[in-house]
Amino acid sequence: MTDRPTPYEVIVVGAGAGGGVIAGVLAEAGKRVLLLERGGTLDLATTKRDHLRNQRLSAYGVNAGPSGSHPRVFVDWKTGEARTLAPWEDGYSNNAAGIGGGTAVYGAQAWRFHPLDFRMASTYGVPDGSSLADWPIGYGDLAPFYQRAEREIGVAGDASAMIHLPPYEAPYPMAPFPVSRQGETLRRGADALGWATITPPLAVNTEPYGGRPACIRCQHCIGFACPVDSKNGSHNTLIPRALASGRCDLVVGAMAERLETDQAGRILGVTFFDADGQRVSVRAEVVVLAGGAIETARLLLNSRSPAHPGGIGNGNDQVGRNLQGHYYPTAVGLFSDDLWDGLGPGPSTAVTRFGHGNEGVIGGAMLADDFVQTPIITWKRRRDPDLPFWGAEAKEWMRRNYRRVTDVKGPVQEIPSPDARVTIDPLVTDRWGIPVVRLSGATHPETVRTATFMLDRAVEWLGAAGAVKIWGTPPSLALSGGQHQAGTCRMGEEPKTSVTDRFCRVHGHDNLYVGDGSVHVTNGGFNPFLTIMALAYRTADHITNHW
Amino acid sequence: MSDSEVLSQISKQSSSRSTVLAPQQIVCLSAVLDRIIPPDSESAGGSTGGALTYILRHLEEGGNLAPFRSVYPVFLDALEADGFAALLPADQDKMLGGQERSPDPAARRFFRSLAEHAQEGYYTSPANWSGVGFEVTG
Ligand SMILES: Cc1cc2nc3c(=O)[nH]c(=O)nc-3n(C[C@H](O)[C@H](O)[C@H](O)COP(=O)(O)OP(=O)(O)OC[C@H]3O[C@@H](n4cnc5c(N)ncnc54)[C@H](O)[C@@H]3O)c2cc1C
């Protein structure tokens, strides 16, 4: 093992949404930062445009990592059967690996959570078998950091249209995208139902911003890297800022293995494998884990020692529990005219009235139309279920209807289950010999009820918009996680039921923080990245002020 | 075209080179693909529209369909034993319909997979994108 000379004050593991923000803020605040990322550069050249191997349709592979050297074990909650999976297989719960993490190839819907998303337990009560809890902080604590993220990352939207939220302190830095033809149709439907609509805020430039050009409205946005660098994530904002400060070293191909502690259990630093497979040990005053909700839990659980036999931060058996993501009930509507105008990125019209206050169910979701879907995704996921899977009729259907179908869908706020969890597999290791994650359990049944309710609302909306045929798959009980993974190191005042405190510091370890979606107590009825970034700004400020 | 003409054409096309399928099996596969995605006046069928090229390329080592490399030849030989490639389209459809509804679940599953591979090859081939209305502008 080599000992890296340690000029660093802070080590950040993972250069994704949260880790990138924390590295940038700390480096600019004068800290010397080491940013470790297991992946590499995610741009058009490295991620390409293979319609069958990408982060949107991973039929045979992914384009934004990780590689096959990162297996996981998945346990089917129904049969108890355990299988070892590659990152592109169903059940793996992949997001991405590389500079920017998910934000390099994401869709960039930039939603704030709703004030009640932070108070789920006191709003609805805790259903039997659920670990539902309130956040230790509220919307008001995060609002200034949401605004900072919107400005520094670059979000296009209309603040005055966000009728479900308290008034914004400042407008979005860019105007929203124009309403698409599909959006016009959906708006007519919503009007007929008396539902107010919103243009979804997107972290994509609608005008030159941050030194990057305006979006060219291409058809390969979600799941792919932007061809002109107008999609904003941590890879083209806070990480370059960290590097420009001269105080941040970014090491790619660096696979963090475990946290190192002294006899008393104090965090000393991190051990990682560098790109040549050499094990390196590095020290710092503060460590921030931001590997995403599944890998961060793995790092804590793998950091066993005599002082911490169950891993670090896991004295109360909380690390890895409450794994959440988003059920995404989807209704597809077939219309009698072309709906798609050929322009990206896609989501043009949202409805937020079903986030809360729905009779008979807990929570809810935002509903919206979707990003541009490739022809093969339309074939695999959006075709009429009554269509034969081969022959002239199938071909004719695609030719006639590719531009006539549209989806309405939404990220359902999940009701957490303590049994939906990340543990360490006792047998399987990765190519560095590090024990891999074992995913098991399922969400709480209330999630399925809410998702079913939301599917019905999506169907209702498409019907009012004039769809001639509508279909969708009824949700059923399963383990969530995936691209919206969260919850495995949740915040809380009480160490018995949480992993970090209200500043995302691991209970009992004043120099160890969690900087990614792991800390979400619940995951909101909205896409999560802006909340992850807002929390990361807040955590970085806390570190700056205390170290 | 006679079978021998098709065969000689296939062996000339580099896109049709295969270490997994023999020329005769490729002729049969082409015929199958043209029933899964039939050619018509507006657009190519499976054999010339990208599905054949995709399947042959991806049956090779490291390809998307490599796990299927031992089943394809067996399936195609069985069809060819009944002279599939020379049948009229309607009779070919009947034979494939028999596969779709076969009492043998493995046969049903394989036919479903093969049809899906054909659609993957066809709809990921840029030549077919504007035909459905997916125009790439940037
Ligand atoms: C195709 C796609 C579309 C999406 N669309 C949206 C959207 O429209 N809106 C939205 O809000 N969200 C969207 N998301 C989700 C969003 O990207 C994630 O919520 C967000 O990136 C999570 O941030 P994070 O900081 O928790 O982790 P990540 O961004 O996943 O970053 C974690 C990083 O840590 C690295 N890492 C992990 N373990 C280690 C280790 N041991 N050593 C070193 N490095 C490690 C990983 O390689 C990764 O780069 C999308 C994601 C994808 C893939």
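This is a predicted model: local features need pLDDT of at least 70, side-chain atom pairs count only at pLDDT 80 or more; totals for chains, interfaces and linings use all residues.
Residues are numbered from 1 along each chain as its sequence is written, chains are lettered from A and ligands numbered from 1 in the order in which they are written, and side-chain values use heavy atoms, without hydrogens and water.

**Exercise 1.** State how many residues of chain A and of chain B take part in the contact.

Solution. 
- Step 1: contact means heavy atoms within 4.5 Å.
- Step 2: by this rule chain A gives 28 residues and chain B gives 38 residues.
- Step 3: on the side of chain A, F389(A), W390(A) and K395(A) lose the most area to chain B, together 30% of what that side buries.

**Exercise 2.** Count the salt bridges between chain A and chain B, and describe the side of chain A that touches chain B by element and by class.

Solution. 
- Step 1: a salt bridge is a side-chain nitrogen of Lys or Arg within 4 Å of a carboxyl oxygen of Asp or Glu.
- Step 2: the count is five salt bridges. One salt bridge joins the side chains of K380(A) and E120(B), at 2.7 Å, N to O.
- Step 3: the elements of chain A that give two or more residues to this side are helix 8 (375-382) and helix 9 (392-401); helices are DSSP runs (H or I, at least four residues) and strands are DSSP runs (E, at least two), numbered from the N terminus.
- Step 4: by class, the residues of this side are 14 nonpolar, six polar and eight charged. Nonpolar means Ala, Val, Leu, Ile, Met, Phe, Trp, Tyr, Cys and Pro; charged means Asp, Glu, Lys and Arg; the others, Gly among them, are polar.

**Exercise 3.** Find which residues come nearest to the ligand.

Solution. 
- Step 1: a residue is near the ligand if one of its heavy atoms lies within 4 Å of it.
- Step 2: there are 40 residues around the ligand, and E37(A), R38(A), N95(A), Q109(A) and F529(A) come nearest.
- Step 3: the shell divides into 18 nonpolar, 18 polar and four charged residues.

**Exercise 4.** Locate the cis peptide bond between G65(A) and P66(A).

Solution. 
- Step 1: the bond from G65(A) to P66(A) has omega near -5 degrees.
- Step 2: P66(A) is in the loop between helix 2 (44-47) and strand 4 (72-75) of chain A.

How values were computed: Buried area is the accessible area (1.4 Å probe) that two parts lose on being put together, summed over both.
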